[in-house]
Structure formats: C-alpha cells, structure tokens
Amino acid sequence: MDINVTVNSKPTSADVEPRRLLVHWLRDDLRLTATHVGCDTTSCGACTVLVDGTPIKSCTLLAVQANGREVTTVEGLATNGQLHPIQAAFKEEHGLQCGFCTPGMMMVTAALLEKNEDPSEEDIRWAISGNICRCTGYQNIVKSVELAAGQIKAERADATTA
Amino acid sequence: MSTTESHVHGIGQSIKRKEDDRFIRGKGTYVDDISLPGMLHMAILRSPLAHAKLVSIDTTAAAALDGVVAVITGADLAAHNLAWMPTLSGDTQAVFVTDKVRFQGQEVAAVVAESAYVAYDALDLIEVEYDPLDVIVDPRKALEAGAPLIRDEKEDQTDNRCYHWESGDKGATDAAFAKAAVVVSLDTHYPRCHPAPLETCGIVADVNPATGKATLHLTSQAPHAHRTLFAIVAGLPEQNIQIKTPDIGGGFGNKVPIYPGYVAATAASLLIGRPVKWIESRSENLISTGFARDFHMSGDLALDNDGKMLALRVKLVSDNGAFFADAQPTKFRAGLFHIVTGSYDMPVAHIEADGAYTNKAPGGVAYRCSFRVTEASYLIERLVQNAAYELGTDPAALRFKNFIKPEQFPYKSATGFEYDSGDYPRALELALEQLGYNQLRQEQKKLREEGKLLGIGIASFTEVVGAGKSKEYDIAGLKMFDSAELRVHPTGKAILKIGVQTQGQGHETTFAQIVASELGIPSEDVVVQYGDTDNVPYGLGTYASRSTPVAGAATAVIARKLREKGRTLAAHLLEVSEEDLEWETDHFSVKGAPDKKVSIQDVAFAAYTNMPDGMEPGLEGVHYYDPPNMTYPFGSYLVAVEVDEGTGEWKVRRMVAVDDCGVRINPMIVEGQIHGGLTEGYAIAAMQLIDFDEEGNCIGGNFTDYLIPTAWETPHFETHETVTPSPHHPIGAKGVGESATVGSPAAYVNAVVDAVRHLGVTNIDMPVTSAKVWQAIQDAKT
C-alpha cells in the first residue's frame, strides 16, 4: 500500500506491506533507529513516537495507519543541531543509563509538557508509567522532566517578553 | 587521593556522562540497529512442551516459502558437531533439540530468510511431532527417587542431581546448635525471576566467506570470554573471531551466557556466506534465557540468651533448570552463597546445597548480583529479624550486638571469606537517624492501637564483589583478572582500552576520571574504548560488580606506571634528578621551586620528541590486574510500609538507603546505580516472578505476566553514604552496581512482615503480592 507520512517534518512516501508495523517501517526502512523495541505486548514503551502530537507505541500501530499523519521520533526533537530542552535535561539530571528506554521516555515527556507546562511529580510519574526503565529507578527521570518543564516554561516566558 | 582536582575532572566529581550525547540524540548503536549489506534474518522455533521426545520434524513447507534461505534443525547442527555446547558451569546444553525437549521454549529449529517477517511466517510451516513425557517443575520432587530422568543423555547420570556442595564446618556448627538457648528457623523460596534488560539478546553474525573472519555483533557482557568459548564451541580459529559489543541496552547478568541463537546464527552465516541477524523477542528472552535465583532455602540461626549469634546452618535446594548453566566460578557450585553469615560475627556455619535438574529453562545468572550473594543476603537478613521477634529484642539492636566490629577487619568469616573493610554500626546508625527510627516505632505502636498497619524493615547487607583473585575465581576455566591499556598521544590526549563492558554503567566517563586523577589528563581528553575484542586487551567482562574493583584497579595501575615513566621524562626536561621532583595533580615540579614545572602534556610530547638517551619511546602501556582479594561493599536499608489489612495492599512510605562502596568515582553515577538497584530489589520483592504450572508452561513469559514496576509503583528513595575505602584496591573503590538489588529485597519483605507480625504472620515469600499478604493475614487469624 502507498502511504504518505510526514516524518520529523519531512514528507515521506512509501509502498509498504499492510501488516508492516510502524516501528519496523521507521527503524528498518527509514533507518530511524532511535526508536527501540523492548517487548511484544505494548508494555514497555521503548517504541513510543508522537503521531499528530499524541504519544503512540509504534509497535502497535501499522505503518499504513500513519498514512496522512505526522510522526515525530527522537531524531526530530533537536532543531538545527540544537538539543531540545528535554534532551539536555535528561543528560543534566542523569535521567538515563543504558539509553534503551530513553527515546520513548523523551517522547512521552514531550507530549506531557505540551499539555501541562508545570506538572507535579505525580503528573510526571503517571505520564511516564507506560514506559519501562530497568536502570534508573525513574527518580532521575522525574527530575529530568521537572528540569525540562522549567526550561521550556522559562523559554516561553522569554519569548513572550521579547 | 585528592577528590578536589576540579580542572582535571577526576575521582569524586559528578561530571556529566560522555555517553549521553549519543543516547539523547537517539544515536546509540545497539545490536538491532546494525544492518549489513545482504543481511538475512533468523527466527527460532521453540517447543511448546516442557518434556517430550522429538519424533519428527518436517521442514519442507517452510523451506519452500518464498524468501526462505535455509531451515536449520538439530540434525543439521549435529552434522557439523554443533548440536551441543558447553555451559559456563561445565555442563552441556543442547543448541537445538536432537533427542528430546527438556523445557518449554527450548530451541527446536530456525529459519533464515530475506526478512524477519518471512522468517516468522515460515516457523508456522514447520511441522514437529512430539511424544510428551512426565514433567518435573519442583526441584525437591526432581531429587526424589524414581523421578523421571531429565538428563538421560549424560553418561553416569542416574538421577536429577546436578551438584552437591558444602561449605563451613558441620561438626562445629552442630555442636554450637546443641548448646544454643534459642534457635530460629526460616523456610523460604527465593523465587525464580529474570533480569529482563529492556534490550533483549541478539546477534548479527557476519562470517566473511573470502577471509573466514567471523565478526559477531553481540549483546555480550563478556566479549573476550565469549570469543574464546566460540572458538572452542564452533572450532573457529580464535584470531579469526572478532566480537563487537556496541551499545548494550542493559544486562544485569542476562547477557553473560552464550545462547543457542548466537551459535545458530553464526553457523548459518558461516554456511550461507551472508550476515545473519537474530534478535529475540521479549517472550523468547523471558522463557529461554538466563533466569535468576530459584533457591529453596532452609536456615537455622543459633543464639544465646543474650542474643549473641552462635552458629548458622543452611540447607538449600537449587533449581537449575534443564542444563546447569549458572554463570559462576567453577569451584563454587552454589556461587558465593556461603557469604550467608552476612554482616555478623558468626563463630561457625555450615551450608549444604543440592542442585536439581528440572524441566525449566537453564540459567542461574547473577541477576544484578555477585553469584548468588542475593539469596544469601536475603536469608540472613530475614533470619535476623525473626530472631529479634523470638528474643523480644529490637531488630536494630540485635544487629548492633552481632555486627562484625570495625576493629575486627580484615575479618575472616566462618566460611572462608576475608572481609576487607567495613563500619557496619556507622551505616546502620546513619540510616536509623535519617529515617527517624525511634519516632516511627512509636507511631507504629500508636497506629496499631487504631487498627492501622505500619511496618519497618531493616537489611544490613554485606556484598562480596570484584572477582577474582584468579587463584580461586574463574569462568569456564578462564581466570578472573582484568585489564587496561592506556595510550597517551604526543599532544597529551589519551585512549584507554578496557576489557570490561558497559551496559549503561557509564564506563566512558568513570574510567576517564580514574585516568584524570592518576595521570592528570583531564577526563574530557580521555576516550574510553571497550567492546571490540580486536581492539581492547583481554578481560572477563562486566558482571558481579567487577568493573571498578578489577578493571578500575588495572586502569589506576597502568596510569601510575605511565606517570613514573613521566617522572623520568620530566627530570630529563627540567635537568634535575627524579628524586627532586614531586607530582601534583597534572604536573611535576621541582621540590622547593614550584615554578619550575612541566605538565603531563609536556611530558607526553617529550615521550615522542625528546626522550633521554636509551629510553624506550612512547607513553603507552597495558596492565593485567589480578586482585589480591574481593571487595566487600555494605550498607543498611530501612523501609517503612503501610499495609491495608482489608486488601493486603502495601505501599512504601519511606525508603532510606545508606551505601558504603568505598571511594566513589562519580557520585552522580553511583547514586544512579543505587536507585536502579533499589528498584529491582523492590521489583523482586513485590512482583517479578517466573512461575510454571505442573505441565511446565512458563507463566511470566511476557511483560503483561512478568510484572515490572513503572514510575507509578516505584518508591521514592532517600540515599546516603558512608565511605570506608577498600584497603587493597588502588583507589579504595569497592563496586556498587549490585549492592542495592542484593540488600534491599529483605528490607521490603521485613517491613511487610513487621507490619502484620502481631497478627501472627511469620513469613510471606516473595513476590509479596497483596493477595499473599491478605491470605497470610487470614491464615494467621484461623
């Protein structure tokens, strides 16, 4: 089937097998390997991407279902080589260890902070509770999200003032 | 050792991790990210039955499917003498089944195809006929006379016993028990769980048909050991095998063994002449690769009337699954379980362990632990709490009474360990103070009067990590040392190559910090390389918290050797004698004339441009470090839980962790390791379980059944430290990656039991689910 998907702001067309999972299309066909696969049951969230701004587990969406929509992966977070505040915050607060869950964690964070610019710890823990991390115990991920939220809010305030 | 060398960013500084720059951009390279020209994909067919004769396999339809390149069965592997392979414990394991299936999920056949989708399609077309046999999933039943023989292919194997092993002094222990005023006992099962790193296991095997070189991109925690074992298993010349371990998405012991899929993919690449990728699914990971624990333990602790410990006796049955594949030193059949006397001055002890074959997956890996130390720590910490109840003493007070005292170090334990250093009372005191223990005990009493349940659990663990020394410790005969090669370039920048393997621990950062402190080269100028056996010196890999204790020591030693060569160069440059020089942070200066100095960068340049006559040029070296002893990290963990009597649900109110891992190289990274370990300890205590029904069906074969805590359930941790350096380690560090997983399960379980003890509950086995707590309360009432 022919599909047209905007991937990380870039219009992308492809002929895909109807059963092909979005995550395999992204990883194996487009070679966007930041998005990972950690389970078979939609449990771990390592494959989370944004589809029209909503965090979606890309192992549970067919590539054809993304037709006509906008998909954002971690490769699309930085702009002009400049790290997104979420990326900078994960490094700053040691919010990652092996790095395998990190792309998914950052994508759900992006969606959370889009909706809620000042999340409580409880908001954050709930928002990332569809994503499993085996290394960090989540505590520093929570701190990373808090830091990112503060940065983004400050940037927005600056932009408004300017 | 100064920890304030700010401008070189050395030991003691929480500098940000170097590896993060690629991970936060999604630019890590995990095995599944590798795609090679002409690469094929392999999928494995696994047995649905746990014990069954293999009658026939028909691969005709699978082989005929468009896109299928090959179908491989056990018979095909047998034709190349690859149907069986050695395990890390000196047993043999079937690569693919040739005679009979011995556990559910065992490898029966594989399809190699142009795409992974086609490979999985073809699996459905393979027809296998099985003849079911009686299944044994309980190791105690497996050891009974007349039990069906699981390992019937082994000569001289007439029962399901895979080992018997003892440690300590039986006679002296029995004598001490005969005199004891108080004996407390605990029968408990440390259940089977699985490390479940978020990245599953996999390989891209690339055997070049023209050169014969086998490049194996592998999820391995021990690349060199795997290279040697591959050479032995596959009969490939070792110089033609290159193991490359790119970024590894967590290991926790799961990536120490060699799995059948690795062997099959390599054989397929060798025979077909194209690269072959095999990435296991999560279910395959959980049902077939290295599990952990599964110890049925029975412990007795003897004390006198004053609560002084006299002796410890443990009998255990270990469930090893169908093949004895524990990853542990050869001479210790139950790993380092005999550290079970823990943090206590125990005059005598005796441990008896029997291993049993069952119809379950093999493994017995050290899941975030040093070879069965976790089971040992759990047992003694649970027993100590029971003893306190029995004696009517506070559990903290009983610990203080029996701790090995700081002045007793080095301390020789009843089972032969020499504890290097420790200050156990200080760690527990700090934890009690941080928790506000006494106030909490008062609150507990008050709440009980109101019918509310609050429990406080303590675990004061001692770990043993950093194997070897090589005289006592090996893996599959390979002695446990480790290595570091340091190359300082003319401009004073350096590359450090190490034989250990990071899976998220941050070696690229911390090992550079060791070089910075020892040689004065800023850590940002030191690139750390690992995970390519053609490029880095031989090492035994990363597990059992051995990177810092062993390879970290090797790094410090080689940096010091280069510094000494630097001293000769500096003397030459400054035209003084070496004795007149002193070293400070990053330069040599003339004693009494601090302005007369040369930096390490000047020295490095001189090593290539202006060395004294007769000196060997260059500033490079390699060191293989054979540790004189293990290191013994320790700590005290305190957990306060609230239990709902009506539902059995329990919640952690406070979790206070005091860790002493000696000198901390990067405190931020150490704290992160502890957070992760405390979470896995909580996971094991609360939910993680690989269970089986009587037919040997694995329950827990995916993440909807094998429960992993999310951010929502995971407690908030309050971490604190004491620092008692290891006296025999060059920088005083002890290793920390596993302490929290070893020590914390007992603290959580002790807390829940403490909350319901007054209702008559004496034990709840892990995982402590709300259903089990509720049931225990009901049982106690009746």
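Predicted model: local features only at pLDDT ≥ 70, side-chain atom pairs only at ≥ 80, totals over all residues.
A second salt bridge between the chains is formed by B:Asp33 and A:Arg27, whose closest N and O atoms are 2.9 Å apart.

The interface as a whole brings 46 residues of chain A into contact with 55 residues of chain B. About 4400 Å² is buried between chain A and chain B, and 54% of this area lies on carbon and sulfur atoms. Of the area that chain A buries against chain B, 19% is supplied by A:Lys91, A:Arg134 and A:Gln139, more than by any other three residues. Six salt bridges are found across the interface of chain A and chain B, together with 28 residue pairs in polar contact, both residues being at pLDDT 80 or more. On the side of chain A that touches chain B, the elements that give two or more residues are helix 1, helix 2, helix 4 (121-127) and helix 5 (139-161) of chain A. By class, that side of chain A has 19 nonpolar, 15 polar and 12 charged residues.

The buried residues of helix 4 (residues 116-123) of chain B are B:Tyr117, B:Val118, B:Ala119, B:Ala122 and B:Leu123. What covers these residues includes helix 1 (22-29) of chain A, along with strand 1, helix 2 (60-64), strand 3 (68-73) and strand 7 (107-113) of chain B. At the start of helix 4 of chain B, a side-chain oxygen of B:Ser115 reaches to within 3.3 Å of the backbone nitrogen of B:Tyr117.

Over all chains, the structure holds 61 salt bridges. Within chain B, B:Lys277 forms a salt bridge with B:Asp32, the closest N and O atoms being 3.0 Å apart. Since B:Lys277 lies in strand 14 (residues 276-279) of chain B and B:Asp32 in the loop between helix 1 and strand 1 (40-46) of chain B, the pair ties together parts that are 245 residues apart in sequence. B:Lys277 is buried, with a relative accessible area of 6%, whereas B:Asp32 is partly exposed, at 22%.

A further salt bridge joins the side chains of B:Asp534 and B:Lys213, with an N to O distance of 2.5 Å. Here B:Asp534, in the loop between strand 25 (526-529) and helix 15 (547-574) of chain B, is linked to B:Lys213, in the loop between strand 11 (202-207) and strand 12 (214-218) of chain B, and the two residues are 321 residues apart. B:Asp534 counts as partly exposed at 41% relative accessibility, and B:Lys213 is partly exposed with a relative accessible area of 24%. Elsewhere, salt bridges that share partners join B:Asp91, B:Asp99, B:Lys100, B:Arg102, B:Arg151, B:Asp152, B:Glu153 and B:Lys154 into one network.

Another site in chain B is built around B:Thr415, which is found in the loop between strand 18 (411-412) and strand 19 (418-419) of chain B and counts as buried at 10% relative accessibility. A polar atom of the B:Thr415 side chain lies 2.5 Å from the backbone oxygen of B:His338. Neighbours within four places in sequence being left aside, B:Thr415 is in contact with B:Ser167, B:Gly168, B:His338, B:Ile339, B:Ala349 and B:Ile351.

Chain A is divided into domain 1 (2-76) and domain 2 (85-161), with C-alpha centres that lie 21 Å apart. Contact between these domains involves 17 residues of domain 1 and 13 residues of domain 2 of chain A. The two domains of chain A bury about 1100 Å² between them, with 69% of it on carbon and sulfur atoms. A:His36, A:Thr48 and A:Val74 supply 41% of the area that domain 1 buries against domain 2 of chain A, more than any other three residues. Zero salt bridges are counted between the two domains of chain A, although five residue pairs, both residues at pLDDT 80 or more, are in polar contact across this interface.

Note on methods. Residues numbered from 1 in each chain as written. Chains lettered and ligands numbered in written order. Heavy atoms only, no water. Salt bridge = Lys/Arg side-chain N within 4 Å of Asp/Glu carboxyl O. Helix = DSSP H or I, 4+ residues; strand = E, 2+ residues; numbered from the N terminus. Buried < 20%, exposed > 50% of the residue type's maximum accessible area, 1.4 Å probe, protein only. Domains from an automatic or database assignment. Contact = heavy atoms within 4.5 Å. Buried area = accessible area lost by both parts, 1.4 Å probe. Polar contact = N/O pair within 3.5 Å; in protein donor to acceptor, adjacent residues only side chain to side chain. Nonpolar A, V, L, I, M, F, W, Y, C, P; charged D, E, K, R; others polar.
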